[in-house]
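This report goes through the fold of one protein chain, from its overall layout to single residues. The sequence and the model come first.

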Amino acid sequence: MASNLTKKEIERRLELWRSFGMSSQRTSEHLGLDRRTFDRFVDRHAAEEKLSSLGQLEQTEIVKLPLPVKGCTRYLLTCAQNNTDIHRGFWENLEAFAGVIDAQIMVSSFTYKKTSLNTSNEKKGKESDITLSEWFAPEIEPYITSDLTLLAPTLAWCSNLQILPTAVNPCSGMADYTGEASSVIPHTKVRMEPVPTAMDKPAKHLYSTGACTLKNYIQQKAGQKAEFHHVFGALLVEVMPDGNWFARQITANGKGDFDDCGTELSMRGGAARPLKGVSVLSWGDIHRVNIDEDIRRMCWGEGGILDTLRPKYQIFNDLTDGESHNPHEQKNHHAQHRLFLEGKNSIRAEFDGDREFLDKEANRDWCESIVIWSNHDEFIRRYLMSSDYRRDHQNASFILRLELEVYTAIEEGRDPEVYAKALNSATAEVYSNDNDSLVIEGIDFTRHGHTGQNGSRGSVAQFAKSGAKTSTGHSHAAWIIAGASSAGTCSKLDLGYNKGFSSWSHTQTVTHKGGKRQQVTCNAATGLWRGGKVKV
Ligand SMILES: [Fe+2]
């Protein structure tokens, strides 16, 4: 927007700035302006003088917002590019959504100067329509924030940041930027990364937001890649009176419509309507014998997440922990003695418990259960290869039944279904390998995540590079990298073998009809996974 300040006012501000040693922070505080707005003012009116600035002593100030007394305080965080129109459908929905759920919209503006980034080399006939003066869409002006703000004691909104939309990873180098607090980073991409913390500290994540402005990139490699990854979206944050908080990705389709599982609302054409179920609930790894009992109640208990969201499919990764036959512990006689004393070394009993959980507690007649072949399922195959049933009296007959399945399969020329046979579920589809193809809403749910390319170990980053949309587990930590996501875990967060700082979290992946995903991180201590349902 063109400046409408008088010459006298411009001079007054510049004089003040000089008197504060060219410190934008101190001057903007004095004037009651936000820092980035004042930076832009200096760029416009004293660019050359600014180059001679000698810096400042102060670190960027952190603004702390109060916690709600009751209920929750909601924020919708997004970003906007200069000289670019908003996505009208998305913006209409976002403002309407904010009104219905009583959320405060905050927009971080960023400048991507097409004029200074060699646009003269764009392809002939596709040159950009470059405007020299800087402006922002008038719709976002009332919502612009430029501060580093603590929305809660452990969650920072870094609207002060300015990261080029062409950055491959907007979160790189930002893991410690807000200390032990999680960070929300304004950026056109949607990304979620876990940051390992001490076991007694809350889970820490870096989130990037998506944007409310249209795609507007220099048509060269960096810009063309960024255009592909540009998301019309926001991050919904719900801050609770005790300082705990929830964050979920709001991702719009081409029309700007979106769904939110936490408030149970769907936004369509600027109007809110009740969310009618979701497509897939992909649970964090189950590890049934080592499941967190609070998470178990929250997910499958009466009125829990499953019954609330009524997914068409629920996906189980690492359903079986394999504690009774873990190959890593077979030669550890101390561990084996502990299992013996606790009555946990019966393989049959472990699978009986898994089956009962799957077929009774987690079973719903309106939801299809699918058990993905996982690395802990592989334990039973490895046990067959290494154990001696003649000395394992506890498990001998169970092992021999599975051995019969293997021998029969070999004779019939098919792959043995050892895990499915051991689990013997009456209700779920159980995979015994990851050669099947389970694609729902355009997302591949087939893989647990432990096998990667060409026999290597899998990782979310590796899946993201494949170009396919994937939803996996295995990492026990919540990720979103481009089209690849990973749920966390439903197990206890300390299983003994994850020593040191940990990035594990109780995060479930929700896939809506149409394929947009949200990561839902549960709080086992409070028994909550959202700020609350909103009625319309
Ligand atoms: Fe696991």
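The domain bounds used in this report come from an automatic or database domain assignment. The model is predicted.

**Overall layout**

The protein chain is divided into domain 1 (7–51), domain 2 (62–274) and domain 3 (280–511). Its secondary structure comprises 14 helices and 24 strands. The C-alpha trace extends over about 95 × 50 × 45 Å along the principal axes of the protein chain. For 536 residues, a compact globule would have a radius of gyration near 24 Å, and the 27 Å of the protein chain agrees with this.

Of the 536 residues in the protein chain, 45% are buried.

**Domain 1 and domain 2**

How far apart do the C-alpha centres of domain 1 and domain 2 lie? The distance between these two centres is 27 Å. Contact between the two domains involves 4 residues of domain 1 and 4 residues of domain 2. On the side of domain 1 that touches domain 2, there are no nonpolar residues, 1 polar residue and 3 charged residues.

Glu-49 belongs to helix 4 (residues 47–51). Glu-49 has 13 other C-beta atoms within 10 Å and is therefore partly exposed. Trp-17 is 32 residues from Glu-49 along the chain, and the C-alpha atoms of the two are separated by 11 Å.

**The largest nonpolar core**

The largest nonpolar core has 113 residues. Leu-77, Cys-212, Leu-235, Val-237 and Trp-245 have the most contacts inside this core. Domain 2 (62–274) and domain 3 (280–511) each supply at least three residues to this core.

Which residues does Leu-235 contact, leaving aside its neighbours within four places in sequence? They are Leu-77, Val-184, Tyr-207, Thr-209, Ala-247, Gln-249 and Ile-250.

**Helix 7**

Helix 7 spans residues 293–300, and its buried residues are Ile-295, Met-298, Cys-299 and Trp-300. Viewed down the axis of helix 7, these buried residues fall within an arc of 160°, so they line one face of the helix. An α-helix has 3.6 residues a turn, so residues three or four places apart point the same way. The packing partners of the buried residues of helix 7 are helix 8 (305–309) and helix 10 (347–361).

**Loop residues**

Most residues other than glycine have a negative phi. Asn-83 has a phi near 55°, a positive value in a residue other than glycine. Asn-454, also not a glycine, has a positive phi of about 50°.

Is Asn-83 buried or exposed? Asn-83 counts as buried, because it has 21 C-beta neighbours inside 10 Å and a residue needs 20 or more to be classed that way. Asn-454, by contrast, is exposed, with 5 other C-beta atoms within 10 Å.

| Residue | Loop between |
|---|---|
| Asn-83 | strand 2 (73–81) and helix 5 (88–101) |
| Pro-170 | strand 5 (155–158) and strand 6 (182–185) |
| Pro-202 | strand 7 (192–195) and strand 8 (204–208) |
| Asn-454 | strand 19 (443–444) and helix 14 (460–466) |

Pro-170 counts as buried, with 25 C-beta neighbours inside 10 Å. Beyond its neighbours within four places in sequence, Pro-170 is in contact with Ile-163, Ile-185, His-187, Lys-189, Arg-191 and Ser-208. Leu-206 is 36 residues from Pro-170 in sequence, and the C-alpha to C-alpha distance between them is 9.6 Å.

Pro-202 also counts as buried, with 20 C-beta neighbours inside 10 Å. Pro-202 and Val-439 are 237 residues apart in sequence, and their C-alpha atoms are 33 Å apart in space.

**Helix 14**

Ser-466 is placed in helix 14. With 14 other C-beta atoms within 10 Å, Ser-466 is partly exposed. Ser-466 and Gln-453 are 13 residues apart along the chain, and 9.1 Å separates their C-alpha atoms.

Key. Residues are numbered from 1 along each chain as its sequence is written. This is a predicted model: local features need pLDDT of at least 70, side-chain atom pairs count only at pLDDT 80 or more; totals for chains, interfaces and linings use all residues. A residue is buried if 20 or more other C-beta atoms lie within 10 Å of its own, exposed if 12 or fewer, and partly exposed in between; C-beta atoms are placed from the backbone. Helices (H or I, at least four residues) and strands (E, at least two) are DSSP runs, numbered from the N terminus. The arc is that of the directions from the helix axis to the C-beta atoms. Two residues are in contact if their C-beta atoms, placed from the backbone, lie within 7 Å. The radius of gyration is taken over C-alpha atoms; the globule rule is 2.2 Å times the number of residues to the power 0.38. A nonpolar core is a set of buried Ala, Val, Leu, Ile, Met, Phe, Trp, Tyr and Cys residues joined through C-beta atoms within 7 Å. Ala, Val, Leu, Ile, Met, Phe, Trp, Tyr, Cys and Pro count as nonpolar, Asp, Glu, Lys and Arg as charged, and the others, Gly among them, as polar.
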